[in-house]
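Opening my notebook on this one. I'll jot down what I look up as I go.

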Amino acid sequence: IIDTFADMRAQANEMDEDQKGKCFICCQEQPQLERQGVDFQEHIYNAHYMWAYARFFLHLSEAPDCDLNGPETYIKSQLSEQNTTFFPIERCLESEKEAADVSISDNPAKLKHVHPILDEAKVVASTTDKLKMTASESMAEVKELKDAVTTLLARIGTIAVSATELTAQAAANGEGEAAAA
């Protein structure tokens, strides 16, 4: 009995250490992440916050398929097939980003290909901003025109009512003159 309790206590201590010193999502240990320059607390509470993953999986299970976007549909299909290859086991963006930054900055030849792409991205962003401004201005003009049409329709309605009243008065005056004659 004593050995059983000792084993149970050892297992509980091991699980407690895993929970405190290992990321639940990517299974990387705290020292391993910190050697890569990743703050462990920031990592487990922001990048790989397990409750965000749980909420996401709950969302996937409850949402109708027609409401899901492409990545959500893909993950849902992977989960239904019990395929977890999409899960970031032994990976995290913070360490991959750090490795990518080092490999690019260490190789100037790679940078030579990156600059034209960045320049094109800047042109696309600038064009997009201009198109947004044009669309915004066009929407403002359409609103002004709509307001003007609404005002004109109200005026036409007023004129139509006045014309109807005048016609009725003229008809009444015409009947009165005919009766007098």
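Which residues are exposed on the other side of α5? I find G70 and S80 there, exposed meaning over 50% relative accessible area, buried under 20% and partly exposed in between, with a 1.4 Å probe and protein chains only.

Ground rules before I go on. This is a predicted model, where local features need pLDDT of at least 70 and side-chain atom pairs count only at pLDDT 80 or more, while totals for chains, interfaces and linings use all residues. Residues are numbered from 1 along each chain as its sequence is written, and side-chain values use heavy atoms, with hydrogens and water left out.

**Overall**

I get 7 helices and 0 strands for the chain; helices (H or I, at least four residues) and strands (E, at least two) are DSSP runs, numbered from the N terminus. Of the 181 residues, 12% count as buried. I also looked at contacts, meaning heavy atoms within 4.5 Å. Taking those between residues at least 6 apart in sequence, 40% join residues at least 24 apart. The chain exposes about 14,400 Å², and carbon and sulfur atoms supply 61% of that; the areas come from the Shrake-Rupley method with a 1.4 Å probe, and for residues only the protein chains shown count as cover.

**Back to α5**

I list E72, I75 and Q78 as the buried residues of helix α5, which spans residues 70-80. Looking down the axis, I see them fall within an arc of 125°, so they line one face of the helix; the arc is that of the directions from the helix axis to the C-beta atoms. These buried residues pack against α4 (50-62).

At the start of α5, I note a side-chain oxygen of N69 within 3.0 Å of the backbone nitrogen of E72. After α5 comes Q82, with a positive phi near 55°.

I checked Q78 separately: it counts as buried because its relative accessibility is 9%. Leaving aside neighbours within four places in sequence, Q78 is in contact with N83, T85 and F86.

In helix α3 (residues 40-47), I find F40, H43 and I44 buried. They cover an arc of only 85° around the axis, so they sit on the same side of α3.

Which members of the largest nonpolar core touch the most other members? I get C23 and L33, out of 14 residues; such a core is a set of buried Ala, Val, Leu, Ile, Met, Phe, Trp, Tyr and Cys residues joined through side-chain atoms within 4.5 Å. Not counting residues up to four places away in sequence, L33 touches Q28, V38, F40, H43 and C92.

**Aromatics**

I count 7 aromatic pairs, taking rings of Phe, Tyr and Trp (its six-membered ring) with centres within 6.5 Å, and calling planes under 30 degrees apart stacked, over 60 edge-to-face and the rest tilted. F56 and F57 form a tilted pair, 6.0 Å centre to centre with 45° between the planes. F56 counts as partly exposed because its relative accessibility is 30%; F57, at 23% relative accessible area, is partly exposed too.

F86 and F87 pair edge-to-face, at 5.8 Å centre to centre and 65° between the planes. I have both F86 and F87 down as buried. Y53, F56, F57, F86 and F87 form one aromatic cluster.

Technical notes: Polar contact = N/O pair within 3.5 Å; in protein donor to acceptor, adjacent residues only side chain to side chain.
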